[in-house]
Amino acid sequence: MLRLIGSLSFIWLLMATSTMAQTWPPVLDADGQPLRSGVEYYVLPAVTDVAGGLTLVNLNNGSICPLFVGQKPLAPVVSRGTSVIFTPRVADTVVRETRDFTVAFTGVTICAQSTAWRVGERNPETRRRYILAERDPIPSSNAWHFNIVKNDQGLYNFQWCPNRLIGVRPKPLCGDAGIVVENERRLLVLDGPAFPFIFRRA
């Protein structure tokens, strides 16, 4: 009887995994492999000769902290930036399209702050929301949960539109993540044209 129950549980797990894969396909890295939870990746422009990889930057406004998610500038030797680690919100071994995850840069910063990405407040001048790294994720908060979507060209871009907010009224202000240049810094922000990325295993 116990053996039968164990077999049925295993079959159910296989069916659930198969259904998840069909409904939410895995995000693929530059080598065509699924993006895996807990593994380090560089986030690079999908279009070459534009800039380097994502990293942490300050706003170049006289303050060192807090740090924001930005992009290395184009250089003779293009930098891959700083690697990141993805953690799905719902327990899974891979990152799936449109499904929530937290993402954090590896390493430590001079600001002694978390390196997890978080949606910041809207800038009243630019009408865009910065993505910064400032505090450790709060599980009950949606501010730290992003997802990856595929555009019409088959390229990936980041989006903030947490799954738990679907059906919520009033509807939250979802936003695609793109790059803007402010004070000679390339910053990842919401509420502008989406910027496509690829993911290369570190």
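This is a predicted model: local features need pLDDT of at least 70, side-chain atom pairs count only at pLDDT 80 or more; totals for chains, interfaces and linings use all residues.
1. A search of the whole structure turns up seven. In general, side chains of opposite charge can pair when their charged atoms come close. Another case is D92 with R96, at 2.6 Å from N to O. Here D92 is partly exposed at 22% relative accessibility, while R96 is buried at 8%.

2. Now find R118 and E134, whose side chains meet in a salt bridge at 2.5 Å, N to O. R118 belongs to strand β6 and E134 to the loop between β7 and β8, so this bridge links parts 16 residues apart in sequence. R118 is buried, with a relative accessible area of 10%, and E134 is partly exposed at 30%. Shared partners join R118, E134 and R135 into one network.

3. Most residues other than glycine have a negative phi, and most peptide bonds are trans. T98, though, has a positive phi near 70°. You'll find T98 in the loop between β4 and β5, partly exposed at 34%. D191 also has a positive phi, about 75°; look for D191 in the loop between β11 and β12.

4. Last one: the peptide bond from C65 to P66 is cis, with omega near 0°. P66 is in the loop between β2 and β3.

Conventions: Residues are numbered from 1 along each chain as its sequence is written. Side-chain values use heavy atoms; hydrogens and water are left out. Helices (H or I, at least four residues) and strands (E, at least two) are DSSP runs, numbered from the N terminus. Buried means under 20% relative accessible area, exposed over 50%, partly exposed in between (1.4 Å probe, protein chains only). A salt bridge is a side-chain nitrogen of Lys or Arg within 4 Å of a carboxyl oxygen of Asp or Glu.
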